[in-house]
Number of protein chains: 2
Amino acid sequence: MSDTPTLIPVHELQMLHDNICQTLGDPKRIQLLYALSQGPRSVNALTELLEAPQSTVSRHLAVLRQRGLVETQRDGTTVVYSLVVPELVVIIESMRGILRKMLAQQLESLSPTS
Amino acid sequence: MSDTPTLIPVHELQMLHDNICQTLGDPKRIQLLYALSQGPRSVNALTELLEAPQSTVSRHLAVLRQRGLVETQRDGTTVVYSLVVPELVVIIESMRGILRKMLAQQLESLSPTS
DNA sequence: GGCTTATATCCGCTTATCCGAATATTCAAA
DNA sequence: TTTGAATATTCGGATAAGCGGATATAAGCC
């Protein structure tokens, strides 16, 4: 009878939320992941790119690192962050695609073709 | 010089966050989307499935509807919700895949093969 | 109209999340 | 070992988000 389960097991759901979903729920973290998809970057570089206070950027990077989505490498006093899970960027791109599609449909509904 | 932009335009980022990312940031909404991926369901059915208070389920469904991810159809006194953007479930599945991969790697790092 | 079922909304409350200035830490060069 | 640059962390406060009992609304039935 039961084929595809209708619910995600609670513990998996919990991990999914804590490690991925919640992480993607902040615009700055999205930008950080997106930026890192083009290659490793120092905190400084990311701070300038995002035009945000250094403490804010560092805090978000720490979140990403704690969740294992990003890793660091020291080079003297600078710390270089790089993406561990590139699939995340694919997901971000998918979401952008969905957004575009939704906006297109909204537009369509305003100016019907037929 | 500049090929792929390193940042997502702020207004797009805003919409992305408000309409999709933030939405996926709540476990109950994930479950609702997941459940709806198997077909339209009444609020009642979803309430029983999630084992959550009816007001909670209804509130989350309202959020999903306001964001255009889900739509409703009345049938007498019952309201049936259905998924408008099935791509969302693909994304959820991708995230589950990432999670599995991450856990596998964690495992691996504990018991090295070589 | 009165009653029942189904859904939506309200409201006070609690918790989660983010912010950014200030401060601490780390490292290397002088 | 003092200084400076880069990064991390602390901390108080603001805002957002979620909760669920209670209540309102809507539709159908008798």
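Predicted model: local features only at pLDDT ≥ 70, side-chain atom pairs only at ≥ 80, totals over all residues.
Strand 2 and strand 3 (residues 78–83) of chain A run antiparallel and are joined by 6 bridges. Strands here are DSSP runs of E with at least two residues, helices are runs of H or I with at least four, and both are numbered from the N terminus. Two strands pair if DSSP finds at least two bridges between them.

Residues are numbered from 1 along each chain as its sequence is written, chains are lettered from A in the order in which they are written, and side-chain values use heavy atoms, leaving out hydrogens and water.

Now step back to the whole sheet. In chain A, 3 strands form an open, antiparallel sheet in the order 1-3-2. Its edges are strand 1 (41–42) and strand 2 (70–75) of chain A, each pairing on one side only.

Next, look at where the chains meet. Chain A and chain B each give 42 residues to the contact, meaning heavy atoms within 4.5 Å. Across this interface there are 4 salt bridges (a side-chain nitrogen of Lys or Arg within 4 Å of a carboxyl oxygen of Asp or Glu). One joins Lys101(B) to Glu87(A), at 2.4 Å from N to O. On the side of chain A that touches chain B, helix 1 (10–21), helix 2 (27–36), helix 3 (43–50) and helix 5 (87–110) of chain A each give two or more residues. Helix 5 of chain A gives the largest share, 13 residues.
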